[in-house]
Amino acid sequence: MAVSCGSWLANEGVKHLCLLIWLSLNVLLFWKTFLLYNQGPEYHYLHQMLGLGLCLSRASASVLNLNCSLILLPVCRTLLAYLRGSQKVPSRRTRRLLDKSRTFHITCGVTICIFSGLHVAAHLVNALNFSVNYSEEFVELNAARHRHEDPRKLLFTTVPGLTGVCMVLVLFLMITASTYAIRVSNYDIFWYTHNLFFVFYMLLMLHVSGGLLKYQTNLETHPPGCIKLNGSHYQNVHSSEYLSEHFPESLPGGFSKPDEPPRDTFVKMCTEEPRFQANFPQTWLWISGPLCLYCAERLYRRIRSNKPVTIVSVTRHPSDVVEIRMVKENFKARPGQYVTLHCPSVSALENHPFTLTMCPTATKATFGVHLKIVGDWTAIRFPSKPRDVPARTTGMSARSQPECANVHTAGGPPGPELGLSLHPELWGEPLATWEEP
């Protein structure tokens, strides 16, 4: 039992520790933001108008900010492969943790879906409360134009409402297309909808710029709940002094003044009206760094993938397996790494990883991959039933082809990320005579 527990801690302990830290951050952010909007004096009047919906909407928004920033880090394949394959991360446990990046990406995605549902439900309640609890006294605080305004107008005529509806639609497409059934049956749908993440983040930037939720700025001159007096600023006085000054004879309604009022009871008085200001958008502070990092990596992979590769040979093997051998200048790889092939003539965005079955050596620069024809992406380039096709075609130069298909690469264990470029017409040209019988 002790051995099994020790093995579990050695193999899974770091992963669960990181998961616990991530979970703690989510709980802390949610609870801290909830208390701020529930008890914070600057949100006193807004909370009176919106109630629990305000607290839940802002608390869920904090969790969404955190996960929308973290979800981009596991898909920075170049950075992760560099860290894993270099001496920057000497610990084997940490390198194994980096291999769980896809799992963490999915975990953040599921969290975004759950708290997006909570966020949407809370704001639907807020839209109704803005209409029903329209304040005649604090007109600046209202999002509605008048009492009992149709809440649907707040959803479709304001920037936060309209962008929120669009984000829900985009997120719904990304969620449904990420299911296992769709990914297996039609990978193109999954890949294209997942690239809507850029639209989602642009809408998110606009969503927080509406300024519907406002906080009070003059807490010192107008404490929440103070009593207004003409001609003087607010002041803290004993309740007995206040009653004697304003009701010297008797209290209204037949109430008598207390004989010995508590000395520590104060009545806050003020003459200045409350002033409100829209919240400063903080979402861009969360997501700008990871988003810029991911965009820089995509650009780097795009530039690197345009470097030419020479196709040495294309060999057809039994059981619908095709072997491609390539040569690239200054290309280094180690066993266990994989390359991601991208063929624009088949799909502009779709790409697939293939493990290197042949790595370059000190005496031979050739490297290769084996492709199993199982889906529409490989079937387009390599028909499953060729006729009159040579078993091996060699000596194809990538530089002679006009159309270029990029090959993005990612490093698997145990080396750094690779980079190469492939011209897809080299795949199709020697196979152009293939026909269905």
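**Cavities, pockets and salt bridges in a predicted model**

The largest cavity of the structure has a volume of about 50 Å³. The model is a predicted one, in which local features need pLDDT of at least 70, side-chain atom pairs count only at pLDDT 80 or more, and totals for chains, interfaces and linings use all residues. Residues are numbered from 1 along each chain as its sequence is written, and side-chain values use heavy atoms, with hydrogens and water left out.

A cavity here is a set of points, on a 1 Å grid over the protein atoms alone, where a 1.4 Å probe fits but cannot get out; a pocket is an open set with protein on both sides within 12 Å along at least five of seven lines, and lining residues have an atom within 4 Å of a point. Grid points are joined across faces, edges and corners, and a volume is the space filled by probe spheres set on the points. By these terms, two cavities of 30 Å³ or more are present in the structure. Around the largest cavity stand Asn-11, Glu-12, Val-14, Lys-15, Arg-93, Arg-96, Leu-97 and Lys-100. Two elements, helix 1 (2-39) and helix 5 (92-98), each give two or more residues to this lining. Helix 1 provides the largest share, four residues. Helices and strands are DSSP runs numbered from the N terminus (helices H or I, at least four residues; strands E, at least two). Sorted by class, the lining of the largest cavity has two nonpolar residues, one polar and five charged. In this sorting, Ala, Val, Leu, Ile, Met, Phe, Trp, Tyr, Cys and Pro are nonpolar, Asp, Glu, Lys and Arg are charged, and the others, Gly among them, are polar.

The second largest pocket has a volume of about 1,300 Å³. It is lined by 50 residues, of which Arg-58, Ala-61, His-119, His-123 and His-207 are the closest to its centre. Two or more residues of the lining come from each of helix 1, helix 3 (52-70), helix 6 (101-132), helix 7 (151-156), helix 8 (159-177), helix 11 (197-207) and helix 13. The largest share, eleven residues, belongs to helix 6. By class, this lining holds 31 nonpolar, 17 polar and two charged residues.

Attention now turns to charged side chains. Five salt bridges are found in a search of the whole structure, a salt bridge being a side-chain nitrogen of Lys or Arg within 4 Å of a carboxyl oxygen of Asp or Glu. One of them joins the side chains of Glu-149 and Arg-145, at 2.7 Å from N to O. Residues are called buried under 20% relative accessible area, exposed over 50%, and partly exposed in between (1.4 Å probe, protein chains only). Glu-149 is buried at 3% relative accessibility, whereas Arg-145 is exposed, with a relative accessible area of 55%. Glu-297 and Arg-301 also meet through their side chains in a salt bridge, at 3.8 Å from N to O. These two residues lie four residues apart in helix 13 (residues 283-305), so about one helical turn separates Glu-297 from Arg-301. Both Glu-297 and Arg-301 are buried. A salt bridge also links Asp-320 to Arg-316, with the closest N and O atoms 3.0 Å apart. Here Asp-320 is partly exposed at a relative accessible area of 24%, while Arg-316 is buried at 18% relative accessibility.

Some loop residues complete the picture. His-148 has a positive phi of about 65 degrees although it is not a glycine. The place of His-148 is the loop between helix 6 and helix 7, where this residue is exposed, with a relative accessible area of 56%. Ser-319, likewise not a glycine, has a positive phi of about 65 degrees. Ser-319 sits in the loop between strand 6 (310-317) and strand 7 (321-327) and is exposed at 56% relative accessibility. In the loop between helix 7 and helix 8 lies Thr-158, which is buried, with a relative accessible area of 13%. Thr-158 and Ala-143 are 15 residues apart in sequence, and their C-alpha atoms are 9.3 Å apart in space.
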